[in-house]
Amino acid sequence: MTTTAIEAHGLTKRYGKTQALAGIDLEVSEGRVLGVLGPNGAGKTTAVRILATLLRPDSGTATVSGFDIVHQAKDVRRTIGLTGQYASVDEDLTGVQNLVMIGRLLDLSRKNAIARATELLAEFDLTDAGRRLTKTYSGGMRRRLDLAASLIGRPSVVFLDEPTTGLDPAKRDDVWDMVRALVRQGTTVLLTTQYLEEADALANEITVIDHGRVIAHDTPQGLKRQVGGQTLEVRANDIADLPEIRRLLERVGTRAPEQPSPDQLAVPVLDETALTSVVSELAGRGIRVSELSLRLPSLDEVFYSLTGATKTDEEVAA
Amino acid sequence: MKDSLILARRTITKMFRNPEQFIDVSVQPIIMTVLFVYIFGGAVAGNSADYLPFVLPGIIVQTIMFTSLTIGVNLNTDIQKGVFDRFRSLPIARSAPLFGAVFGDIVRHAIATAVTLIFGVIIGYRFGTDWLHVAAAVLLIILFAVSLCWVSVLIGMVARSAGAVQGLSFLIVFPLTFGSSTFVPASTLPEWLQGWVAINPVTHVIEAMRGLLSGAEYMSPGMTVGGEVLWVLASCVVLVGVFFPLATWAYRRKV
């Protein structure tokens, strides 16, 4: 039996004239990862801040680990860890001091707080930097320290608000590995992101929000199917080969190929097998290409196809 | 309460780690003392030695005024930087970070007072009273600082940036400290300014400190130690009565 770790119904929040959340429903089962995907200003951070008890919703209800976020806020805080979009570590303290202070605030004894801090610094590859002031840390180190800080109390639910925004690809992979390690320990994770790739890599389910509303909720597979899965791109060596490449792509693609540039063709495909069949067909016909790639749709394309789909539905209804 | 003390420790650690904040409570009072005693002392009191017992209590008050107003800057910075978000996601009282900052500042005030007094003694200051009066002076000035800090907390909560907090605070501190008998006897001031000096609570703090540290003969004519201490206690009550509710209201709204 699965129990629900996070459950939200009809959350709304208004800042002056801006309706940040216009009624959001979210649900995450224990030990699962929910990716909340959306562009800047979609309401992701507001939703996280409400669930982490930093903000009160204007209306709607939510529970985290079974505790009401408004009436049992203190119980909620005991079970959660929060890593914000901006690393919220104290710049004038060292890494160790930051973690020990939070450990002490979580009622650990001084000895245990130091032990836990040492353990987490090692886990996050910060042992050498532990005695330095955090204002000397790089962006990636700060982010790791912030993540470590949110794990001191061994929370059962962790909120990660855009944990990789602004990190280079190698650091991003480090954060992904840490999230996967958390999940292996049974932690429930709610993560917000602007990248479908990130949600796809980490989440069991994805909720897409825009303008404070949920516009899609599905598994990564389902969502990719909905938005046309991956895109196969081929750049021809010789433009004369393009018509033949186009015929080939028409067979594997789910839509007619598009021509993003004069020597390039792109087509949405359902899965990776399309790539291998295209490779062997190209080789069989002796067509040389300078570039062949398979990529996930960007957030723009996700939104284009999701909002495009909604429009079609409306047209059908009309 | 325990959480407030842990957070007070943070304020103190930061003070030692952050040169600017440590300078506020260590180097600054020394510079002010040197500046006023040796540069202006001769002009104001005839010679530096006679000026010292007059001005040293004033410098303590001025230093404490400035340090008690940094709390707003610090709280504002914490909120901007997201450090408060971290605290608020922890199972601690919402007020713990605020009281932690206030408790931490008490240590800053104690250091500032001690530094000024010790430096004063080194350059020739002698207490004109007994240890009991000196202890009372230290307690009185810290009490006043803790009462005054709520003004800064309020500014820190409503101002947009730490820089704005600093600017607004200076706007308040300057007329309060310089428009008083901190550096010169009130009788030498123009009449309109004397009116302000008489009602300025800082004047009474300074007079009380002079009476408790240097002796009643350094106070303005017609003032008594007991009377001035009562004045200070009354202004503490008024400051806390007005600004504590406003500051905590603004804090709760923001945090």
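The model is predicted: local features need pLDDT of at least 70, side-chain atom pairs count only at pLDDT 80 or more, and totals for chains, interfaces and linings use all residues. Residues are numbered from 1 along each chain as its sequence is written, while chains are lettered from A and ligands numbered from 1 in the order in which they are written.

## Chain B against chain A

On chain B, 17 residues are in contact with 21 residues of chain A. Contact here requires C-beta atoms, placed from the backbone, within 7 Å. Two elements of chain B give two or more residues to this side: helix 1 (2-17) and helix 6 (83-88). Helices are DSSP runs of H or I with at least four residues, strands are E runs of at least two, and both are numbered from the N terminus. Helix 1 of chain B supplies the largest share, 6 residues. The side of chain B that touches chain A has 5 nonpolar, 4 polar and 8 charged residues. In this scheme Ala, Val, Leu, Ile, Met, Phe, Trp, Tyr, Cys and Pro are nonpolar, Asp, Glu, Lys and Arg are charged, and the others, Gly among them, are polar.

## Helix pairs in chain B

Axes are lines fitted to C-alpha atoms, for helices over the stretch in contact, and angles run from 0 to 180 degrees between N-to-C directions.

| Helix pair (chain B) | Axes come within | Crossing angle |
|---|---|---|
| Helix 11 (201-213) and helix 12 (225-254) | 8 Å | roughly 140° |
| Helix 5 (70-81) and helix 7 (96-122) | 11 Å | roughly 140° |

Helix 11 and helix 12 of chain B are therefore oblique to each other. Angles under 35 degrees count as roughly parallel, over 145 as roughly antiparallel, 65 to 115 as roughly perpendicular, and the rest as oblique. Helix 11 of chain B passes helix 12 of chain B in a left-handed crossing. A crossing is left-handed if the near helix is turned anticlockwise from the far one by less than a right angle, and right-handed if clockwise.

Helix 11 of chain B contributes residues including B:P201, B:H204 and B:V205, and helix 12 of chain B contributes residues including B:V225, B:W231 and B:S235. By class, this contact has 8 nonpolar, 3 polar and 2 charged residues.

Helix 5 and helix 7 of chain B are likewise oblique to each other. Helix 5 of chain B passes helix 7 of chain B in a right-handed crossing. B:I71, B:N74 and B:L75 of helix 5 meet B:A101, B:V102 and B:D105 of helix 7. The class counts are 4 nonpolar, 1 polar and 1 charged.

## An open sheet in chain A

Chain A has an open sheet of 4 strands in the order 12-13-11-14, with antiparallel pairing. Its edge strands are strand 12 (258-261) and strand 14 (289-295), each pairing on one side only. The twist averages 25° from one strand to the next. Strands pair if DSSP finds at least two bridges between them. Strand 11 (230-236) and strand 14 of chain A pair in the antiparallel sense over 6 bridges. There, A:L232 stands opposite A:L294 in strand 14 of chain A. Helix 9 (242-252) of chain A packs on the sheet, touching strand 11 and strand 13 (264-269), and its direction makes about 5° with that of strand 13.

Strand 9 of chain A is largely enclosed by the rest of the structure, because 5 of its 6 residues are buried. A residue is buried if 20 or more other C-beta atoms lie within 10 Å of its own, exposed if 12 or fewer, and partly exposed in between, with C-beta atoms placed from the backbone.

Strand 3 (33-37) of chain A runs parallel to strand 9 of chain A, joined by 4 bridges. In this pair, A:G35 stands opposite A:I206. Strand 9 also pairs with strand 10 of chain A, in the antiparallel sense over 5 bridges. The bridge partner of A:I206 in strand 10 of chain A is A:D218. Strands 9 and 10 of chain A form a hairpin with 2 residues between them.

## Single residues

Most residues other than glycine have a negative phi. A:H211, in the hairpin turn, has a positive phi of about 50°. A:H211 is partly exposed, with 14 other C-beta atoms within 10 Å.

A:R154 has a positive phi of about 45° although it is not a glycine. A:R154 lies in the loop between helix 5 (139-150) and strand 7 (157-161) of chain A. A:R154 is exposed, with 11 other C-beta atoms within 10 Å.

In chain B, B:G163 lies in helix 9 (162-178). B:G163 counts as exposed, with 11 C-beta neighbours inside 10 Å. The C-alpha atoms of B:G163 and B:E20 are separated by 15 Å, with the two residues 143 apart along the chain.

Key
Contact = placed C-beta atoms within 7 Å.
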